Structures are given as C-alpha cells and as structure tokens.
Amino acid sequence: MKIGYGIAVQGRDDVYVKIAKDALEGAVEGMVPERFLVEFLPFLRHVPPWFPFATSQRLWAKWQAAGERLKNTPFKQAEAKLSNPAKSLQRLAKMGVSPLEEEEILNNVVAVAFEAGTDTVLSTTLLVFSGLSLHPEVLAKAHAELDEVVGPHRLPDFSDKDSLVYINAIIKEAMRWHTVLPMGLPHATVADDEFRGYFIPAGTMVIPNTWACMHDLEVYEDPDVFRPERFIRNGKLDPTVQDPTAFIFGFGRRICPGRYFAEFALFINVACAIHVFNITAPLGEDDLPIAVKQGHTDSFISYPEDARCMIMPRSATAEASIRSHATTACQALNEQEQGAPDRSSTLERGVWTAYWICTMCNGTSQSCRP
Ligand code: HEM
C-alpha cells in the first residue's frame, strides 16, 4: 500500500488491509486449476449467480467486487493527494492515450502489482523463516557470513548483495524448496506445435508444473531437503546449478514483471532479519520445542502450513540497532504522512529496510504514530 499508493496502513484492522485481503482471496482460492466445474463445461458460465448450486458464479461475483474495491478505493485516496502528475502518465500521454484510459491503465497497473506482489513475497519470506528455524546449522552459517561481511555496527544494504553468497543461496533454496506458485499461470500455444512426438494444436492450454521442475531428482539431490549449499561452489553461487528464478517467475512474454523487485525485496528483508535476529523452533507452554508441520496449502498461491518460529534479537547490540532503526524509520514515515518531502534517499539502507523495520517495532517505538 505504501509503495503503490503512498498509504501507510495503521495495523491489521486497517480498512485497506481488509480490502486487500478480500481481493487476494479471489486470486488465492479462485485460480486453482480444475477447481470449478465451469472449467470443464464452459457453457455453465451463462448460469446466473442466483441459480441454485451456482457456487462458482457467486464466488466469482464476490471476488470481482472485492477486486474492484481494491482497484478503486486506494487509488482514489492516492489521486487526491497527487500534486504533480506521475512521470508514467506524462509518458502515456505522449503515446496518444486519452486521460481516461491513462487513469484506467495506471489504476490497473498498481492494483495488479499489489495483488501479484504481496503474498508471493510474503509466502517466500515465511519459507525462509521456517527453513531457518528448522535448520539451526543454516542459520549459524548465515550469521557467520553476515558477521564477516557486514559486521555488528550496521545493517546489510544492497551493496552487500554480491558478497552475501550464503544469504542469496538461502533465498534461492526457499524459492525452490517450496514453490509459491506450484502450477505457475496457465498459458496457451499461439501456433501448432510438437513436443516429443505429441502434436499440440494452437490454442492449447499449457499449465507449467513448476513444483515438479523444482523437485526433479535428476536436477536437485534430496529435493525435499532445505539445503542452500546446493547452490554454492568454491565460495560462489554455482552457475551450473539450475537457478529456481528461471522457473518460479513464469515464462515467455508474460513472465513476472516484478521479479527483480521481488528478489531485491527478499534480499534486503532476509539479510537484515538474519543479521539481527535468532530464528529458532517455537516453544510450547512447557518450554519444549513444538514439532512444526512441514506442509503447504493447496491454494493457487501456496503458503507453508505452519511457519511458527521464535524470533529474538541476537544480542544487546542487535536489539539496540533494531530499536534505533525502528525509530528512524517511523519518524521518516510520519514526516512523509504529514507532507514533508520524501527523505527516503537519506535512509542509507534503502526504503525497503525502513518499512520492514518500521513494521517490526509494532508501534512500540516512542516516535511511532499512536
Ligand atoms: C517471490 C515473489 C514472486 C513470484 C514467485 C512471482 C511469480 C509470478 C508468476 C509465476 C507469474 C506468472 C508468469 C507467467 O504468466 O508465466 C507472475 C506474474 C506477475 N507478477 Fe509476479 N511473482 C512474484 C513477485 C511479484 C512482485 C513483487 C510483483 C510486483 C511488484 C509481481 C507482479 C506480477 C504481475 C503484474 C504479473 C502479471 C504479468 C502478466 O500477466 O503479464 N510479482 N508472477
């Protein structure tokens, strides 16, 4: 919401969080292939939503309305705040697009980016936390790398990306270990084709089995095991190992346009989190570790079924660093809310870190909005 619309949400009960959740339900639940009978009997799409047993029509009507709300409500608020037309609007105008079309395009772009970019990154982040809490040896290696490359007196930033080989490997492994979009997005052949002797006519729907590619025994040894080392050789990322990012972001001209954004967002969030936190198995009321179930949901965007873990500052220095960055980030956000110029460029570690750390303080920082 902040990145797309400049809206800072005020916690879990915020109206914009509800709008986003409702709209995402449609994408997560409704886009599972073969879930609805209408996919096999297309004439059923003419059945009206009020007809008995027309469950899919009723759900689609509900999700469509939620999608429209997501498209329009935050956009209207953002529009009201805009004092200068965005650069992209000026560019569209040069392309001969009418002002009404301009608004519709901009509206759709931000809404789709929001829908496509939130839970995919969230699910991958949960997977990293889950993988680390189940594998203390991986966390220890990550801590050692961060201590050596970054040291205790600052947070990692984007200039550390190439040096933090093990952190990059952890992210790749999380993406591979549990594919967030297990069946990608359906495509269609634009011309007749042939594959291994099978004739595929133009217009055939093709569903990529990304999950199978990421768990192919011939490509990845012990594919169900979380093992970032598989991507490293001689202290560097091994280019001969199949890179999950070539699969998980889809294929062809509709490949995920947010892939670079996603990779950078994951890097900065994961590197900063590991640098200052210990991530361990959750403890029950008896103070004994809880056995976390390693499953995944069977929705279109798949999530770990149980990502519970314990997150504690690594040290007193780490805790002080978390608190001080939370304060700076909250102040910067508050100032922006009150119309002060964006000083995110002066937040040395990039605005992503600031947002992330800001949410971490959970309103406990004294300078945070009430
Ligand atoms: C780990 C994170 C992400 C994963 C795994 C992911 C994966 C995908 C996949 C598989 C597709 C379908 C591509 C195809 O048709 O073959 C897609 C489409 C898309 N993604 Fe992502 N994505 C991620 C993050 C993001 C982010 C952060 C954004 C935006 C900021 C984004 C925006 C989009 C959009 C707009 C599309 C639709 C493109 C189109 O249909 O032309 N994604 N993504």
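Predicted model: local features only at pLDDT ≥ 70, side-chain atom pairs only at ≥ 80, totals over all residues.
## The chain as a whole

The chain contains 12 helices and 8 strands. It has 370 residues, and 27% of them count as buried. If you take the contacts between residues at least 6 apart in sequence, 71% join residues at least 24 apart.

| Helix pair | Axes come within | Crossing angle |
|---|---|---|
| α2 (residues 15-30) and α3 (residues 55-81) | 8 Å | roughly 140° |
| α5 (residues 99-134) and α10 | 11 Å | roughly 40° |
| α5 and α7 (residues 165-177) | 9 Å | roughly 105° |

Start with α2 and α3, whose axes cross at roughly 140°. Because of that angle, α2 is oblique to α3. The crossing of these two helices is left-handed. On the α2 side, the contact is made by Tyr16, Ile19, Ala20, Asp22, Ala23, Glu25, Gly26 and Gly30, and these meet a set of α3 residues that includes Trp60, Trp63, Arg69 and Pro74. Sorted by class, the residues of this contact are 10 nonpolar, 4 polar and 3 charged.

Next come α5 and α10, with axes that cross at roughly 40°. This angle makes α5 oblique to α10. Is the crossing of α5 and α10 left-handed or right-handed? It is right-handed. From α5, the residues Gly117, Thr120, Val121, Thr124, Thr125 and Val128 take part, and they meet Phe261, Ala262, Ala265, Leu266, Asn269 and Val270 of α10. Here the classes are 7 nonpolar and 5 polar, with no charged residues.

Helix α5 also meets α7, and their axes cross at roughly 105°. With such an angle, α5 is roughly perpendicular to α7. The α5 residues in this contact are Thr124, Leu127, Val128 and Gly131, while α7 brings Ile170, Ile171, Glu173, Ala174, Met175 and Trp177. The contact of α5 with α7 divides into 7 nonpolar residues, 2 polar and 1 charged. If you follow Thr124 and Val128 in the structure, you will find them in the contact with α10 and again in the contact with α7.

## Asn107, a residue of α5

Staying with α5, we can pick out Asn107, which lies in this helix. Is Asn107 buried, partly exposed or exposed? Asn107 is partly exposed, because 17 other C-beta atoms lie within 10 Å. Setting aside residues up to four places away in sequence, Asn107 touches Lys71 and Phe75. Asn107 and Lys76 are 31 residues apart along the chain, yet their C-alpha atoms are separated by 9.2 Å.

## Cys256 and its record

One residue comes with a note from a database. UniProt lists Cys256 under "binding site", in an unreviewed entry. Where does Cys256 lie? You will find Cys256 in the loop between α9 (245-248) and α10 (259-276). With 19 other C-beta atoms within 10 Å, Cys256 counts as partly exposed; the cut-off for buried is 20 or more. Apart from its neighbours within four places in sequence, Cys256 is in contact with Phe249 and Gly250.

## Loops, a strand and positive phi

Finally, here are some backbone details. Most residues other than glycine have a negative phi. Which value does the phi of Arg196 take? The phi of Arg196 is near 45°, which is positive even though the residue is not glycine. Arg196 sits in the loop between β2 (193-195) and β3 (198-200), and Arg196 counts as exposed because it has 4 C-beta neighbours inside 10 Å.

Asp222 has a positive phi too, near 40°. This residue belongs to the loop between α8 (210-214) and β5 (232-233). Asp222 has 9 C-beta neighbours inside 10 Å, so Asp222 counts as exposed.

Our last stop is Glu194, found in strand β2. Glu194 is exposed, with 8 other C-beta atoms within 10 Å. Not counting residues up to four places away in sequence, Glu194 touches Phe199 and Ile200.

Key. Residues numbered from 1 in each chain as written. Axes fitted to C-alpha atoms, helices over the stretch in contact; angles between N-to-C directions. Helix = DSSP H or I, 4+ residues; strand = E, 2+ residues; numbered from the N terminus. Parallel < 35°, antiparallel > 145°, perpendicular 65-115°, else oblique. Left-handed = near helix turned anticlockwise from the far one by under 90°. Contact = placed C-beta atoms within 7 Å. Nonpolar A, V, L, I, M, F, W, Y, C, P; charged D, E, K, R; others polar. UniProt positions renumbered as here; feature names shortened; annotations may be inferred. Buried ≥ 20, exposed ≤ 12 C-beta atoms within 10 Å, placed from the backbone.
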